[in-house]
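Please read the points below with the model open beside them. They cover charge, surface, distances and confidence.

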Amino acid sequence: MINFEEELKKFHPSLEVEDAEEAIYNQDLTDMADILVKMIKESEGKKEQS
C-alpha cells in the first residue's frame, strides 16, 4: 500500500512548473471587468461628443 505521507515528503516540484507559474503571475492580463470598464468609458466619451 502507498504511504502518502512518505510520498509527500519526497515530493519536489519541477523547476519547469515554478518557472511557468512565475511567468503567468508576472503578466499583466486584461480580464473581462477591465474590458467592460474601457467600453463604458469609450461609450460615455462618444455621448459627450454628440
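1. Glu16, Glu18, Asp19, Glu21 and Glu22 gather in a surface patch of negative charge. Patches are made of residues with over 30% relative accessible area and no salt bridge, joining like charges within 9 Å and nonpolar side chains (Val, Leu, Ile, Met, Phe, Trp, Tyr) within 5 Å. Asp and Glu count as negative and Lys and Arg as positive, while His and the chain ends are not counted. A charge is placed at NZ of Lys, CZ of Arg, CG of Asp or CD of Glu. Helices are DSSP runs (H or I, at least four residues), as are strands (E, at least two), numbered from the N terminus.

2. The model is predicted: local features need pLDDT of at least 70, side-chain atom pairs count only at pLDDT 80 or more, and totals for chains, interfaces and linings use all residues. Residues are numbered from 1 along each chain as its sequence is written, and side-chain values use heavy atoms, with hydrogens and water left out.

3. On confidence, the protein chain has an average pLDDT (the predictor's confidence in each residue, from 0 to 100) of 85, and 96% of the residues score at least 70. Helix α2 has the lowest confidence, with a mean of 79, and α1 the highest, at 92.

4. How many salt bridges does a search of the whole structure find? There are two, a salt bridge being a side-chain nitrogen of Lys or Arg within 4 Å of a carboxyl oxygen of Asp or Glu. Side chains of opposite charge can pair when their charged atoms come close. Glu6 pairs with Lys9, with 3.7 Å between the closest N and O atoms. Glu6 and Lys9 are about one helical turn apart because three residues separate their positions in helix α1. Glu6 is partly exposed at 36%, whereas Lys9 is exposed at 62%.

5. The other pair is Glu7 with Lys10, at 3.6 Å from N to O. Both lie in helix α1, three residues apart, about one turn of the helix. Glu7 is partly exposed, at 40% relative accessibility, and Lys10 is exposed, at 55%.

6. A nonpolar surface patch is formed by Met32, Ile35, Leu36, Met39 and Ile40, with about 490 Å² of accessible area together. Accessible areas come from the Shrake-Rupley method with a 1.4 Å probe, and for residues only the protein chains shown count as cover. Met32 lies in helix α3 (residues 32-49); its relative accessibility is 56%, so Met32 counts as exposed.

7. Two further nonpolar residues deserve a look. Leu8 is in helix α1 and is exposed, with a relative accessible area of 59%. From Leu8 to Asp34 the C-alpha distance is 40 Å, for 26 residues along the sequence. Phe11 sits in the loop between α1 (4-10) and α2 (15-25) and is exposed too, at 57%. Phe11 and Lys47 are 36 residues apart along the chain, and their C-alpha atoms are separated by 59 Å.

Note on methods:
Buried < 20%, exposed > 50% of the residue type's maximum accessible area, 1.4 Å probe, protein only.
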